[in-house]
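Please keep the viewer open as you read.

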Amino acid sequence: MPDMHKNTVVVIGAGIVGMSAAIWLLRAGKDVIVVDKGDPGMGASYGNAGLIAACGIAPVTGPGLIRKGPGMLLDPNFPLFMRWSYLPKMLPWLIKFLSHANEKDTRRIARGLGPIVCDSVEQHRSLARGTTAQGWLTDCDYGFGYTDRAAFDAEAFTFSMRAEAGFTPEVLTGAQVREYDPNIGKSIDCLALMKNHAYVRAPGRYVQALAEVFRTEGGTIKQAEVKDFDLSMGKIKAVITDQGRIACTRAVLTTGAWSKPLTKKLGLSVPLESERGYHIMFKDPSFTLRSPTLVASGKFIATPMEDGLRCAGIVEFGGLDAGPSKAPLDLMRKHVKKNFPTLEYSGTEEWMGFRPSPTDSLPLIGEISGTGVFAGFGHQHIGLTGGPKTGRMIADLIARGGSNLDLSAYDPARFS
Ligand SMILES: Cc1cc2nc3c(=O)[nH]c(=O)nc-3n(C[C@H](O)[C@H](O)[C@H](O)COP(=O)(O)OP(=O)(O)OC[C@H]3O[C@@H](n4cnc5c(N)ncnc54)[C@H](O)[C@@H]3O)c2cc1C
């Protein structure tokens, strides 16, 4: 009997990475079924800062983090938090993560992230062109706001890497900052502006629009939780869900921060943790910003979104199970008051989400152990940015059997 599912690819996870892969696979002629335990776009892809960070090549693990990290964690005014009861569980991950905080690895990671992020604005446009999703994309500058010029200069190493990748900022100081945007408070005295960026005015709704594009172009979306894989002679035959089996010859694992247990079912143990992040959406704000603006001292980006001014960022270590903490949100509010002192609003929405972070800050893209299951997760702080390019890479691997790009930096086998 002919195999009815010869052409079927199941994409597990309907975040930005999964929906991008699903659309490119469909356009490459595959039958594609997307499976998500919830609604599309409601994971990390919902609550991020919306920035398509084409210059976002610098990992969190920059040189000097090991020296500065403990002080940052103990300082209640620094936007790095730890749920201490979780520390023993994540210690092995943390040690490996910090082992990359040196110049050589930082440069290597930046070279790896370049192909994922540097052409991301074009990649988003290409994915969404001619569809209802393209209306959510807005061209912008990306402002890095510092308390003063010295704070900007202290990041010279990171900016030199960005310059090597083709991104050199225009630096404004003092009155020039207020001339650019009068709503930025005086506590930001230096603004490094990266041109030719873009942002998404409602990231969740953008992914939902992409899901609608996928359906319109012939794809199927099912709501179910994937529990396991059915392999025969080491090759995928079906995805096992809480609603039954879905037969396929290829699967794509785009389950973000939840990817570890499923990858383990395929015999691969990935050192993946969640970097928990927060947003506060200020509704009906008294002003909106000219561009998405990073408040460097608070480690969040303030983005003028469809539903208000969204401030999103901060890192908290604490795993996937615990609910939101109060301290990160309190600190964010304090920074917002300081840096945007004239902001008034009618109400707020608070959110916490999970960035999927492998120890080496590089996403996993590629086939897992010859099983026919392809990884597409681990994009940490740049998943919205890199989703469409990753989706295209995965579609090339599955539909064409290879990619024109060197994908070795993302090979899941590095964790074998
Ligand atoms: C506060 C914050 C700000 C951020 N700002 C930015 C930014 O400005 N720019 C940027 O590029 N990135 C940003 N990021 C990072 C970005 O949001 C993530 O990297 C990205 O959304 C990850 O996308 P994803 O598709 O891999 O995962 P997700 O969007 O989390 O999607 C994973 C999906 O898998 C589903 N799933 C999980 N397990 C299963 C299962 N067993 N069965 C079925 N379905 C399953 C989930 O329901 C979910 O829908 C930010 C993140 C945070 C937290």
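Six strands form an open sheet in the order β8-β2-β1-β12-β19-β18, with mixed pairing. This is a predicted model, in which local features need pLDDT of at least 70 and side-chain atom pairs count only at pLDDT 80 or more, while totals for chains, interfaces and linings use all residues. Residue numbers start from 1 along each chain as its sequence is written. Two strands are taken to pair if DSSP finds at least two bridges between them. Helices (H or I, at least four residues) and strands (E, at least two) are DSSP runs, numbered from the N terminus.

At the edges of this sheet you will find β8 (220-223) and β18 (364-367), each of which pairs on one side only. From one strand to the next, the twist averages 20 degrees. Angles here run from 0 to 180 degrees between N-to-C directions, and the axes are lines fitted to C-alpha atoms, for helices over the stretch in contact. Look next at β1 (residues 8-12) and β12 (residues 250-253), which run parallel and are joined by four bridges. Val10 has Ala251 as its bridge partner in β12. The helix α1 packs on this sheet, where it touches β1, β2, β12 and β19 (373-377). The direction of α1 makes about 165 degrees with that of β2. Contact between two residues means that their C-beta atoms, placed from the backbone, lie within 7 Å.

Now to another sheet. This open sheet has three strands in the order β9-β10-β11, and its pairing is antiparallel. Because β9 (226-232) and β11 (244-247) stand at the edges with a single partner strand each, one side of each is left without a neighbour in the sheet. Neighbouring strands are turned by 30 degrees against each other on average, direction ignored. Six bridges join β9 to the antiparallel strand β10 (residues 235-241), and Ser232 finds its bridge partner, Lys235, in β10.

How is the chain divided into domains? The assignment gives domain 1 (8-45 + 205-268 + 361-415) and domain 2 (59-115 + 136-198 + 272-358), with bounds that come from an automatic or database domain assignment. Taken over C-alpha atoms, the centres of domain 1 and domain 2 are 28 Å apart. Their contact takes 21 residues from domain 1 and 19 residues from domain 2. On the side of domain 1 that touches domain 2, α10 (203-216) and α11 (259-265) are the elements that give two or more residues. The largest share of that side, three residues, comes from α10.
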